[in-house]
Amino acid sequence: MTFQQIRGGTDRKLGAHHDGSGVNFAVFSENATKIELCLFSPDGVSEKARIALPERTGPVWHGYMPDLPIGTLYGYRAHGNYAPERGHRFNPNKLLIDPYTRELSGEWGSDPAQLGYDITSSAEDTSFDTRDSAPFVPKSVVSDPALFVRSQQGQHTRTDRDLIYEAHAKGATQLNIDVPEAVRGTYEGLASDPMLAHFNNLGVQSVELLPVHSFVDDKFLVERGMRNYWGYNSIGFFAAEPRYFGPNGIQGFRQMVDRMHATGIEVILDVVYNHTAEGDHRGPTLCYRGLDNASYYRLNANQPRYYVNDTGCGNTMNIAHPYVLRMVMDSLRFWVESMGVDGFRFDLATTMGREAHGFDASGGFFDALRQDPVLSQVRMIAEPWDIGPGGYRLGEFPPEFSEWNDSYRDTVRRYWRGDAHSAQEIAARLLGSADKFDHSGRRSWTSINFLASHDGFTLADITRYSRRHNEANTENNRDGHHSNFSDNCGVEGDTDDPQIGALRAQRQRNMLATLFLSQGTPMLLGGDEFANSQQGNNNAYCQDNATGWLNWDQADSDLQQFVSHLSAFRQLHPAVRQTRFLHGAVSASDGQPDVHWTDFNGQPLHWRDPRLANLCLTLRCSGEAPAHDRNDDVVFVVFNRSEEHSSVQLPKASNGRAWFRAIDTNQPEITTSPKCMADKVDIAPQSVVAFVLDMPKGTE
């Protein structure tokens with residue numbers, strides 16, 4: 001292999017870009033004294049050349065290599081001060097991947113050579129290691145530009161009709177025998193015909209994928225024979241994780257997105273820009289730490305040897321730095337424009353808004369997003385917390401964001417478990433958590449309502465386990481949430497008792513009905529529609545096996561059918577999915593309040609009564625309902641948490657209209673019913689029932 005003399009190139013575009021004749025390389029480092037480009041053999045084993053980038057423009061080092069072909073494998077070595085006590089950790093013995101690489105070749109090893117320091121030294125991380133890490137680091141790839149041309153894109157719409165389905169790129173299909181074997185556990189498998197049919201049957205509008213950015217398996221997991229299954233350990237923000245590649249490689253990801261779009265489904269990525277896989281001061285030197293530790297990370301002001309750890313993952317990215325912010329913005333635009341995705345869920349989003357003075361909803365990151373002509377048009381979802389000072393920020397993000405509402409999750413669980421005072425709390429959650437979000441022009445879809453997510457018990461396990469069972473994680477069952485608000489209904493785990501089984505199934509239906517009848521945006525954890533269990537593991541982050549994968553062969557088809565009915569009901573009735581918050585304003589359609597609470601006798605509720613458990617909720621479309629919706633839609637919902645049958649007074653039906661029972665969690669097979677002939681109706685114990693006025697055409 002021979003190479004021509006490197007030229008100056010340009011600093012305009014970071015990364016490695018082939019122009020048809022050669023490759024321009026550009027990489028940011030504010031504090032390095034020299035950056036070397038390392039070129040490797042096609043198998044990635046032999047380093048064939050080490051060439052200093054000849055030009056520096058501001059903090060960007062760059063060079064142009066003529067006649068370098070597409071597919072060339074490369075990496076960087078950065079020279080500079082190795083002075084951890086001052087925040088600098090340059091070590092040219094460590095091969096670094098390109099932060100902007102769009103493909104990686106090879107796998108991450110787990111070897112002490114990846115450390116910038118000598119692990120055997122008493123000086124710990126202030127020592128200096130001279131071993132070459134290249135054999136244990138995948139190589140960056142000079143990509144074919146044709147792979148990343150502008151992609152077909154979805155509508156990027158925020159809609160009141162949304163149903164988000166949270167899924168794992170591998171686990172969603174690995175055990176689904178209806179998916180062709182060659183694509184199970186892959187991006188292609190997610191958009192296979194059986195999966196698209198499943199999504200459409202549920203009425204899913206958006207699939208939210210756990211992290212698909214390239215990530216690293218934690219050393220302590222590798223030593224225990226496990227992997228980082230969830231993927232919240234990113235190291236490449238432009239590269240798709242190759243372990244989910246199918247027969248078509250990276251093209252399979254684009255094909256998955258296009259097939260989703262063709263059936264009206266958006267793709268949302270769960271992204272982790274708050275920290276990286278390099279961990280704390282004892283972690284490996286793989287990319288950002290070696291290129292410019294003091295710029296990429298937030299360091300302890302008094303002891304810059306150590307990292308600010310607002311994420312609980314060892315380090316915190318310094319999003320306030322202009323070039324780190326630029327990298328994040330470039331990454332987001334890449335996934336929208338080149339890969340076609342429709343939005344992002346930001347892991348530990350509070351971290352993204354941290355400035356020197358703390359969290360700031362008008363900080364640089366949010367300002368950059370909101371003014372960007374591409375990203376301002378896509379969906380943004382915040383996980384509104386981190387573990388740093390003042391980290392819990394539910395309801396405080398900019399109005400363009402939706403937010404994961406853990407308050408909704410906990411309240412619904414507590415209510416159906418029978419906790420005291422939970423009835424007062426659930427009232428607010430049913431109406432979109434206006435107490436949290438109704439300000440700054442925010443809409444009710446802002447609240448992402450969920451019963452379960454990847455992090456915690458599945459819905460089935462909420463009713464099967466009263467405590468976590470994470471022994472398989474080999475952390476002495478100390479990991480995972482301890483406040484699950486779950487209830488085993490009498491027996492911990494599996495049981496053959498039919499009464500307990502029936503109670504568990506009923507409670508799952510109750511919580512699901514609550515979810516679909518609430519104002520806001522419902523999110524369903526993949527598998528909850530058919531009672532998927534993780535055997536009580538509420539932190540399956542390292543369970544890349546049957547525990548973490550969806551168990552399709554054990555699917556509860558009756559529950560799945562019930563969820564489809566709930567979703568169809570929500571689609572059909574705008575009263576339960578309004579875009580404006582409801583506060584009892586008079587509806588223009590009938591002069592009645594748009595929301596009205598009563599007890600089972602039709603009288604006003606005594607909200608201060610600590611024994612309050614049963615609720616009746618009447619919903620009418622607000623005067624601001626969209627013109628294409630049915631503005632005469634009325635839904636009456638009964639929540640009976642008692643252990644007894646109850647007689648409930650129906651609201652008066654005017655103008656010759658009649659009430660029909662449309663949802664009954666005690667009779668899930670019922671989708672239509674005769675009109676109610678009496679003023680009072682019987683409601684089974686521990687159930688949710690929804691009535692509608694004049695069943696619309698097509699539902700009789």
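In this predicted model, the largest nonpolar core takes in 163 residues, and the members that touch the most others are Phe-25, Phe-344 and Phe-346. Helix 6, spanning residues 322–337, supplies the largest share of this core, with nine residues. Apart from it sits another core of 14 residues, including Cys-616, Phe-636, Trp-659 and Val-689.

Phe-25 is worth a look on its own. Leaving aside residues up to four places away in sequence, Phe-25 touches Gly-15 and Ala-16, then Leu-37, Leu-53, Trp-61, His-62, Gly-63, Met-65, Leu-68, Tyr-74 and Tyr-76, as well as Val-142.

Next comes helix 2. Within residues 193–202, the buried ones are Met-195, Leu-196, His-198, Phe-199 and Leu-202. These five sit on the same side of helix 2, because the arc they cover around the axis is only 160°. Among the elements covering them are strand 12 (164–167), helix 1 (187–190), strand 13 (206–209), helix 4 (249–262) and helix 14 (557–572).

Most residues other than glycine have a negative phi, yet the loop between helix 12 (459–462) and helix 13 (498–516) holds Thr-474, whose phi is positive, near 60°. Thr-474 is partly exposed, at a relative accessible area of 40%. Asn-477 is found in the loop between helix 12 and helix 13 too, and its phi is positive at about 60°, although Asn-477 is not a glycine.

Terms used
Residues are numbered from 1 along each chain as its sequence is written. This is a predicted model: local features need pLDDT of at least 70, side-chain atom pairs count only at pLDDT 80 or more; totals for chains, interfaces and linings use all residues. Side-chain values use heavy atoms; hydrogens and water are left out. A nonpolar core is a set of buried Ala, Val, Leu, Ile, Met, Phe, Trp, Tyr and Cys residues joined through side-chain atoms within 4.5 Å. Buried means under 20% relative accessible area, exposed over 50%, partly exposed in between (1.4 Å probe, protein chains only). Helices (H or I, at least four residues) and strands (E, at least two) are DSSP runs, numbered from the N terminus. Contact means heavy atoms within 4.5 Å. The arc is that of the directions from the helix axis to the C-beta atoms.
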